[in-house]
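Have the structure open while reading.

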Amino acid sequence: MMDINQACEAFKKILEEQQERIANMNTEKTDFSTKKTVTIGVVDGDGIGPIITKQATRVLEKLLADEIAAGSIAIKYIEGLTIENRMACNQPIPSDVLTQIKTCDVILKGPTTTPHGGTMESANVTMRRELDLYANCRPVSIPEKNIDWMFFRENTEGEYVLGSRGVELRGMAVDFKVTTDAGTKRIARAAFEYAKNNGKTHLSVVTKANIMKKTDGKFTDLCHEIANDYPGITVEDYYIDIMTANLLKEPLREKFQVVLLPNLYGDIITDEAAQLQGGVGTAGSANIGDKYAMFEAIHGSAPRMIERGMGEYANPASMIKAGAMLLRHICRVEAAEKLEKAMDACTVEVFSDGSAATAAEYTDALLELL
């Protein structure tokens, strides 16, 4: 337990670290259209992670076979990001694993387990910070319901970046949330650029600025400041509680196109959106920075499936969709489109109760279509 003076010192250190982080934000950009060799790192993760990551990797190897043979694509397998190794090292990402990750341009990462309680932060939070992956992009598409959403979740700030840094006093616990000018402006510009480049005319800014007046208030104000550079895009503000309801409200939800949110709200609402699409097992996720990028499923490691011996029935669609997003990011658009069409055409189903195909059997069918 801390006393108030110790808590103030802890908070002072956090503020100093955040100021240093702002000063050192990455500005180096990778141009994948001209890069001679693109290195894709494959990290299995925990639980169902190795199972679904293996299937997504099979698909990438099929689509990129010629380039792998020619040396313009390299796939690097990185081990050691398991919960056992992280706990043994007492590091969210062991140092040697992080060193290997930083030798890659993009990462295909399986779900990782985050310990409950304690002070160890999640591997995802650490990776997003270390690689400065500030934009979490999550698409949801349900054509038959006129739904085509792209969510831009700020990925390196909010509650998550300090979630393991709170203080506990006698009878009281306090966690921290951070919103910076630089961090907000760059995620806002990424969302507006996506809207402009993809013919989108409506962008929703989602916060709880009526309650979190400093942090969410700043986020809202800065998003509108960036909006001044994009006069062709209509911007509307929503509070997170009503937005969760609006995603269920027909036909209102059909007007939403690009949704821009701080970190925590983006995590929650994209799970709701994925559920409307068919479940979190159907949704991939991109974590984009200027230099690095990481692609993953939006769901967790499903330890209960492993405990029940049902891991082979984990749906690999989320990881394979993440693979399609990876292909687009590295400018292999034709391969990405081919994969997306094959997934739309694949009729094989995977259910976690084991009543249908396994992850491998689904992928076998997909590879046949490819």
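A salt bridge is a side-chain nitrogen of Lys or Arg within 4 Å of a carboxyl oxygen of Asp or Glu. By that rule the structure holds 25 salt bridges. This is a predicted model, in which local features need pLDDT of at least 70, side-chain atom pairs count only at pLDDT 80 or more, and totals for chains, interfaces and linings use all residues. Residues are numbered from 1 along each chain as its sequence is written, and side-chain values use heavy atoms, with hydrogens and water left out.

| Pair | N to O distance |
|---|---|
| Asp132 and Arg186 | 2.7 Å |
| Glu225 and Lys185 | 3.4 Å |
| Lys208 and Asp241 | 2.8 Å |

Helices (H or I, at least four residues) and strands (E, at least two) are DSSP runs, numbered from the N terminus. Buried means under 20% relative accessible area, exposed over 50%, and partly exposed in between (1.4 Å probe, protein chains only).

In the salt bridge between Asp132 and Arg186, Asp132 lies in the loop between α6 and β4 and Arg186 in helix α7, so the pair ties together parts that are 54 residues apart in sequence. Both Asp132 and Arg186 are buried.

For the salt bridge of Glu225 and Lys185, the link runs between helix α8, which holds Glu225, and helix α7, which holds Lys185. Their C-alpha atoms are separated by 8.5 Å. Glu225 is partly exposed at 38%, and Lys185 is partly exposed at 31%.

Lys208 is buried, with a relative accessible area of 18%, while Asp241 is partly exposed at 43%.

Lys109, Arg128 and Glu296 are linked in a network of salt bridges.
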